[in-house]
Amino acid sequence: MEALLKILTNLHPEVDFETSTDLVDGKIIDSFDIVSIISEINDEYDVVIPAEEIVPDNFNSAQALYELIVRLEDE
Amino acid sequence: MQRNILEYLEETVRKYPDKTAFANESMGMTFQEVSDASRSIGTCLLKKGYQKEPVVIYMKKHPHMIAAFWGAVYSGCFYVPMDEEMPAFRIDLIFRNLKPRAVICDETTCEQMKEFRDFDGEVLLYDEIAGESADPGLLGAVREAAIDTDPIYIVFTSGSTGVPKGVAACHRSVIDYVENLTEVLQISEKSVLANQAPLYFDACLKELFSSLKCGATTYLTPRSLFMFPVKLVEFLNEYKINTVCWVVSALTMISSTKTFDKIIPKYLRTVAFGSEVFPIRQFRLWKEALPDARFINLYGPTEATGMSCYYEVDRDFEEGEPIPIGRPFKNTEILLLDENNRVPRPGDPGEICIRGTALTLGYYGDHEKTDEVFVQNPLNPYYHERIYRTGDIGMRNERGELVFLSRKDHQIKHMGHRIELGEIEVHVNRLKGVRSACCIYDKEKEKITLFYTGDAQTKELVVSLRKTLPRYMAPNLVYALEEMPLTANGKIDRVKLLNMAQSKKI
């Protein structure tokens, strides 16, 4: 989780990712960010997020994103 | 001879009155509805005394916004598109430059107008003016007097001094562009397009005029879909989209996430792309997914009305090899000129300069900047002939195709947007607690990286920057430095900064 928060905070130092739950719906992150997040997660966790998992629900909060990573790591 | 872009609309509405022209996920406007609304808006502007002047269209991305564009043109005015997501600071800058007397808004943006202190003109509400009855006599008189070198629109592009430049284009150059573009893309009434570009850039002319001239249908793709590749392809399939003209980053977002393993945009037959280099590995994924589609690389600056060159991909490319920008549209010539304004030898680089009717009118209200880049053709000492110096460096390969090589200044292409790094730096330098600032672009990682010195906190700096810069210009990475590295001449050492960014040794 630490590493993920660091990735996100690097992109948006102004956002509190521990509490935000509307990153997509609140237009806080955009398509530039999604592409960066996916590639940095790949570098950091060696996890490839498949296309069908790139959906708003998985990107609305750091928690949801972290749960996705853990799920993909287990598979 | 056609003199006015509205003749496209008038011809198409005769042929296909009930066909959908512009639509989004929840509504669509037929050609008849577009025609009625724009004639009403044109009449209303005329009755209020607006003519031959900029009319700002400040609305959320919607088919109504497009009808408002043609409404302004019907009145003999020129439209200036602005986006609800543009930061207020930038809109204020544009208002100051333009001094418009009228702005057309929708319900949402109408409220925001109060924030702009530099605007003291009239705010018109789309819903109120689009329903008024049109006055054919009034509209006819304006048309009769109009000439084809009158402006149609002004779109703003990044300026290195911190102030965006407004490029004004006239009927003649747009008609020249539209005729050639629709021929190259083979647009017909059967074409169904999904627009990606914001309506405040000239890039959207590809779709708008494909509809206007040929009776094609254009869907405005919701911006949020460009974050979610599977949903995006589902959208393309739902509306049976067969033609897209997108920036490369929108296409690679789909291919790089392996979306094609799940779903194929099965109706797509024409994929035009541009504004950036298409990485060959990603291009191949597209080619494999759509073996029968035509892939066309487009190249051109806003200053020459949209696109000037095209190349239909007809062979394989090695990884790392650039896809050529090919050859100019008909009625356009590309000159390559070296530092001494001479034509370089075949295979040698030169600045890409454009000659032809497609040249725009230059920068609105700024003769000085216009004269810097719209210049007399140095190869022609005999009569007045303007060329536009793009600042792009290109060459001709052994096949005679044009290839883009680089820029001669600090302008970059980032996610399809044209950005002057200098403009970002001006905004940073303006902030309290910043001593010096420099932006570099890491092409490999596609990241704008900002370095600064001073007491300003990174977090506060990012927050204030987002208030003044459009989203796409916001630096992706920000680093505070103790000292700015300098070259022997005392200039900021950009090469060293780039190395620092790439090695992450900061």
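These legends walk you through a few close-up views of a predicted model. Local features need pLDDT of at least 70 and side-chain atom pairs count only at pLDDT 80 or more, while totals for chains, interfaces and linings use all residues. Residues are numbered from 1 along each chain as its sequence is written, and chains are lettered from A in the order in which they are written.

**View 1. The largest nonpolar core has 147 residues.** Such a core is a set of buried Ala, Val, Leu, Ile, Met, Phe, Trp, Tyr and Cys residues joined through C-beta atoms within 7 Å; buried means that 20 or more other C-beta atoms, placed from the backbone, lie within 10 Å of a residue's own. B:Val55, B:Ile57, B:Ala68 and B:Ala72 have the most contacts inside this core. Its largest share, 9 residues, comes from helix H3 (residues 63-74) of chain B; helices are DSSP runs (H or I, at least four residues), numbered from the N terminus.

**View 2. Here are the neighbours of B:Ala72.** Leaving aside residues up to four places away in sequence, B:Ala72 touches B:Leu45, B:Val55, B:Ile57, B:Cys77, B:Phe78 and B:Tyr79. Contact means C-beta atoms, placed from the backbone, within 7 Å.

**View 3. Domain 1 (6-220) and domain 2 (412-503) belong to chain B.** The bounds come from an automatic or database domain assignment. Taken over C-alpha atoms, the centres of domain 1 and domain 2 of chain B are separated by 34 Å. In chain B, 11 residues of domain 1 are in contact with 12 residues of domain 2.

Methods: A residue is buried if 20 or more other C-beta atoms lie within 10 Å of its own, exposed if 12 or fewer, and partly exposed in between; C-beta atoms are placed from the backbone. Helices (H or I, at least four residues) and strands (E, at least two) are DSSP runs, numbered from the N terminus. Two residues are in contact if their C-beta atoms, placed from the backbone, lie within 7 Å.
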